[in-house]
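Take a moment with the sequence and the 3D view, and then we will walk through it together.

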Amino acid sequence: MIDSSTAAEPPVITSPLSYAHFEQMAALELKYYGADFITPAEEAYRWYCKHAYTTTAATVNGEVVGFVNLFPILPAEFGKLLCGQLNDSELTAESIVDIHADEEPLHMFLSCILVEPAYRRTGLTHRLLRAAIAPYLPVQHRCRLIATDNITPEGADFSRHFGFTAQGTSEHGSHLFVQPFSSFISKVFASQ
């Protein structure tokens, strides 16, 4: 738990991440929405072990205070996402595309961004987003669309703020947003 004395410490983008970090991330998510919308820590850690570019996290004294999950998913999974039929909790390491494997188009999913309240409006969100985007810059010509699937009103506000266009509501009651990945990159690097 982050208290006011810890909040004075500057967050550090941390790598490598341990399984304990993924347990902390899942606990943070549980503060805002139910477990039925959260990929279990075990599976999220499998993503990370297979494709380290899937997760970017910031810590203070070893404790996660913010993180981003951004990665390309299989075209069929992306289609299900845009149709409102994919819940983040169903994603597996096998759903994620290896950006180094071939030259196929990439369909990006910003599945989670969470920053503890004590670190909001400090620039940490932008630092996390820029660090999460960095591995994709060499392959950005292959990255087509990016989608979000927002459970909370704050998530939907984030998507609108960063230029996403509403696509409707999913089967599980979340709000879907999409935009070209190149536009998202421009928006992240243009804003503070």
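Which residues does Lys187 touch, not counting residues up to four places away in sequence? They are His161, Phe162 and Gly163. Keep in mind that the model is a predicted one. Lys187 is found in helix α6, and with a relative accessibility of 35% Lys187 counts as partly exposed. Gly163 lies 24 residues from Lys187 along the chain, and the C-alpha atoms of the two are separated by 7.1 Å.

**The whole protein**

Now let us step back. The secondary structure comprises six helices and seven strands. The C-alpha trace spans about 45 × 35 × 35 Å along its principal axes. How does the radius of gyration of the protein agree with that of a compact globule? For 192 residues, such a globule would have a value near 16 Å, and the protein has 16 Å, so the two agree.

Of the 192 residues, 51% count as buried. The protein exposes about 8,800 Å², and carbon and sulfur atoms supply 55% of that area. Among contacts with a separation of 6 or more, 74% come from residues 24 or more positions apart. As for charge, the protein has 12 positive and 21 negative charges, and their mean positions are 8 Å apart.

**Helix α6 and its cover**

Back to helix α6, which covers residues 181-190. Its residues Phe181, Phe184, Ile185 and Val188 are buried. They span an arc of only 100° around the axis, and therefore they sit on the same side of α6. What covers these buried residues? The cover includes strands β4 (106-115), β5 (143-150) and β7 (175-180), along with helix α4 (124-133).

Is Thr56 buried or exposed? Thr56 is buried, because its relative accessible area is 9% and buried means under 20%. Leaving out residues up to four places away in sequence, Thr56 touches Ile13, Gly66, Phe67, Val68, Leu128, Ala131 and Ala132.

Phe78 is found in helix α3, residues 75-82. With a relative accessible area of 5%, Phe78 is buried too. Apart from neighbours within four places in sequence, Phe78 is in contact with Ile73, His107, Met108, Leu145 and Ala147.

Ala134 has its place in the loop between α4 and β5. Its relative accessible area is 37%, so Ala134 is partly exposed.

The table lists pairs of residues with their separation along the sequence and the distance between their C-alpha atoms, which you can look up in the 3D view.

| Pair | Apart in sequence | C-alpha to C-alpha |
|---|---|---|
| Lys187 and Gly163 | 24 residues | 7.1 Å |
| Phe78 and Ser95 | 17 residues | 9.5 Å |
| Ala134 and Tyr53 | 81 residues | 8.9 Å |

Key:
Residues numbered from 1 in each chain as written. Predicted model: local features only at pLDDT ≥ 70, side-chain atom pairs only at ≥ 80, totals over all residues. Heavy atoms only, no water. Helix = DSSP H or I, 4+ residues; strand = E, 2+ residues; numbered from the N terminus. Rg over C-alpha atoms; globule rule 2.2 N^0.38 Å. Buried < 20%, exposed > 50% of the residue type's maximum accessible area, 1.4 Å probe, protein only. Contact = heavy atoms within 4.5 Å. Areas by Shrake-Rupley, 256 points an atom, 1.4 Å probe, with all protein chains shown as cover. Lys, Arg positive; Asp, Glu negative; His and termini not counted. Charge placed at Lys NZ, Arg CZ, Asp CG, Glu CD. Arc of directions from axis to C-beta.
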